[in-house]
Amino acid sequence: MRRNISFTLNDKPVELVVDDDRMLLWVLRYDLGLTGTKFGCGEALCGSCTVIVDKDAVRSCVTPIRDVARKHVLTIEGLSAEGRLHPIQEAFLNHHAFQCGYCTSGMILSAYALLLKGAHATRAEVIQHMDGNLCRCGSHTRIVDAILEAAGAPKGGD
Amino acid sequence: MRGDDWNETVEITTGKSTEVSRREFLQLAGAGLFIFFATDPTAISQEPSRLAGRPSYPTDFNAYLRIGDDGRVTCFVGKVELGQGSKTALAQLAAEELDVSLDAVDMIMGDTDLCPWDMGTFGSLTIRQFGPVLRGAAAEARAVLLQMSADYLRLPSVEGLQVKDGVVTWAKDERKRVSYAKVVEGKRIERHLEKVPVKLVSAFAVIGKAPRRKDALEKVTGTARYAADMTLPGTLHARILRPPAHGATLKDVDATAAEKIPGVRVIRDNDLIAVLHEQPDIADRALGLMRAQFEPAKRGEDQRTIFDHLVKAAPPLQMVDEKGSLADGEKLATRVVEETYFNSYVAHAAMETHSAVATIEDGKLTVWASTQTPFPVRQQVAQAVGLAPENVRVITPYVGGGFGGKSASRQAVEAARLAKITGRPVQVVFDRAEEFFYDTFRPAAVVKIRSGMDAAGKLLLWDYRVYGAGEREAKQFYDIPHQRTQSSGGWGGGNPAGLHPFAVGPWRAPSVNTNTFARESHIDTIASKLGRDPIEFRLAHLSDARMRRVVQAATGQFGWKPAPAPSGRGVGLACAIYLGTYVAAVAEVAVNKNTGNVDVKRVVCAQDQGVTVNPDGSRQQIEGSITMGLGYSLTEEVRFKDGAVLDRNFDTYQIPRFSWLPKIETILIDNPETPASGCGEPPIVTMGAVLANAIFDATGKRLRQLPMTPERLRRLTLVTTTGSEARGD
């Protein structure tokens, strides 16, 4: 159904007239021009399209836009405030926790959701939390190390 | 080099035929010093001669450096950044030889209007082949700039001049200083690289270091642009009607329901039927409403029957390598072992699907494409839309993974055709099912090995036949007096029609995953039959010092304790040569005999790639290879039937996940005297065999078919006979 949907996107109010069953991914990328969120599989199987809705990591490729009405959506573009990188971005940068970079936005936002739940995640918790995010280049070990660093865990800690 | 030419605006250093085009080119390119060079003469000669008329480039080089009057160094090269870090490593090479900071080097890559012709980015060639010439070009530039600086500073010669961060200083009087920017101001100087000595390894300041990747900031902030991120005003998104199977033909299509959606446009252009809309998801919805009837494909092979078919339908075996006499070997052998190995089709499955955006303005077509081969794509696109190649520009932004799968670029041609028909920008992005359907899979393959040894356990007979995988690195590197290696078919074309039910092509380290799996598994089989430790047995047949060194480095770091397999510990080794790079890996696994699950606990990998340009980048590639290699070894296998590809997404096609991760340890052998070879592919070739050998060591059962799925392992560990020819299927 075509209707008016309003939500907060990266701390700014957004109001759209849109078919409310369209998936958030397409609205973000092509209606709102935020292309940092990527299409990978279309069926919530890879995590490339992960964004934060309120405090949870969700797969925007299977999230109808009506589900985010009146909620807070955070995308990779909103993570660094006033040109300053978020610590999780800093950690990805320092560890070179990416190669092609296509899964990276989704990885960072999935990790951000874990950090929101409280710091000091263990290695096992990080691995479990991230298991639905796929990376074909094989940057996994660096991604885990980066998340542990951002979470303030001692190196190699589990 | 002559020292009296500096005041000329343009110096033409090559023959007349290219003079005009160089002048035109330089008008486009602005002021500065230009060094033109060829990455590989054979690569140059591959450019179709009819493209040579392109106005901006002579044909005797395929890359160049510019040192501009803003002090920036720009390298123009047709290679692309797929994630392998070449944008950073290449810039390091230029910065090193020019004595400028890495930040002062810009890389312009994969743009057919700005970069000279290049055949494509594959085969770990970027550093191995292009690296030395880029260094030479940068060294030449430095020599020219020093001479210009000496003239500028009114010094008799370049003696005593030093360079740091692009500023030239005279050692005897530091007030005598001038920047590269200043000396090229208002000039256009051109050099064609002949041969210039490059820096000695001991003088390296930038090579061998691990600076922050040049793509890092963009990639962690989501601002890195990939082909599908090129959003142009008025873009139409196309979804294309696809057959249900390779070989199925369209009988009838009814677009009535799709066309009822407001804003939807259906285009039929011969074989291309597309549904377009300003929103991709609405185009997709409309595609779902198309009523199409297809004539099914003929009955064909599936993933079980394919192996017999491959051997039967394969072209004649070609000789790859031969030594001694097989007949003599047969006579001398007191024991002969025969085995057959099988490998499955695997998908590239890059996270970014094939994507392209095309637009036509004033008769010029521009295509942004996720591709490993921008120049061949330009040619294909030009042909498809009936434009001259010089009126087609292919731009390659960041590519979200290639692994060989983005050499084929059907999506770019489709986007271009639709842009021409509609007169609007058109975006084509494959969904995951299209990505699997049109992938150029790594070919399934069969390897038959017959080996023999004497009573002392000395290998003296080796007869190796590979069907389907290709001959790359099929050649034996163990010391065996009587041997023959033959190959039939492969990934690179030339296969008889119908050999494979779909397209096949290069997949990270093409041929070599299969050849290494078979060779290194078989060597382990023999060692086990002889009751010998697999490392000791290998070293007894290895005289190549570089190979011995990587084997010893990996086993040393692992803490290998000699014992014949199966020892119950779940440890194994595999080693290989890949295009000049030596690699050995040791793995430790735990096998759950009830579920068939394999838990890879630890992988130690030693690699000798000659000079290491960027150690952190190399380690990234090794870690990535090992992680990716878990997939083709343990789970990845394309299932198909009668031309249909049954795997359509990541639910059934399982690629490696965080929870599979072993502890990975990498050892880079210090070997600065050997030129740099590739590092992005070699370690992945060891993964099939190193895990097969470790699984055998754990269970006493050997799987001769990849992937070693839990189901196959369960079947193998539950059967009571040894099943020496069983492939677990």
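Two residues are taken to be in contact if their C-beta atoms, placed from the backbone, lie within 7 Å. By this criterion, the contact between chain A and chain B in this predicted model draws 43 residues from chain A and 48 residues from chain B. On the side of chain A that touches chain B, the elements giving two or more residues are α1 (24–31), α2, α3 (104–116), α4 (123–130) and α5. The residues on this side of chain A comprise 21 nonpolar, 17 polar and five charged.

Two of these elements, α2 and α5 of chain A, also pack against one another. Helix α2(A), spanning residues 87–95, and helix α5(A), spanning residues 140–150, meet at an angle of about 140°, and their axes lie 8 Å apart. The arrangement of α2(A) relative to α5(A) is therefore oblique. The crossing of α2(A) past α5(A) is right-handed. From α2(A), the contact involves A:Pro87, A:Ile88, A:Ala91, A:Phe92 and A:His95, which face A:Arg142, A:Asp145, A:Ala146, A:Ile147, A:Glu149 and A:Ala150 of α5(A).

Turning to chain B, the model shows 19 helices and 28 strands. Chain B has 729 residues, of which 55% count as buried.

Strand β12(B), residues 272–277, is joined by four bridges to β9(B), residues 236–240, and the two run antiparallel. Within that pairing, B:Arg239 is placed opposite B:Val275 of β12(B). Strand β11(B), residues 265–269, is also antiparallel to β12(B), with five bridges between them; here B:Ile267 stands opposite B:Ala274 of β12(B). Together β11(B) and β12(B) make a hairpin in which two residues separate the strands, and B:Asn270 in the turn adopts a positive phi of about 55°.

Elsewhere in chain B, B:Asp173 belongs to strand β7(B), which covers residues 173–179. A residue is classed as exposed if 12 or fewer other C-beta atoms lie within 10 Å of its own; B:Asp173 has 11 such neighbours and so counts as exposed. The C-alpha atoms of B:Asp173 and B:Val447 are separated by 69 Å, the two residues being 274 residues apart along the chain.

Note on methods
Residues are numbered from 1 along each chain as its sequence is written. Chains are lettered from A and ligands numbered from 1 in the order in which they are written. This is a predicted model: local features need pLDDT of at least 70, side-chain atom pairs count only at pLDDT 80 or more; totals for chains, interfaces and linings use all residues. Axes are lines fitted to C-alpha atoms, for helices over the stretch in contact, and angles run from 0 to 180 degrees between N-to-C directions. Angles under 35 degrees count as roughly parallel, over 145 as roughly antiparallel, 65 to 115 as roughly perpendicular and the rest as oblique. A crossing is left-handed if the near helix is turned anticlockwise from the far one by less than a right angle, and right-handed if clockwise. Ala, Val, Leu, Ile, Met, Phe, Trp, Tyr, Cys and Pro count as nonpolar, Asp, Glu, Lys and Arg as charged, and the others, Gly among them, as polar. A residue is buried if 20 or more other C-beta atoms lie within 10 Å of its own, exposed if 12 or fewer, and partly exposed in between; C-beta atoms are placed from the backbone. Two strands pair if DSSP finds at least two bridges between them.
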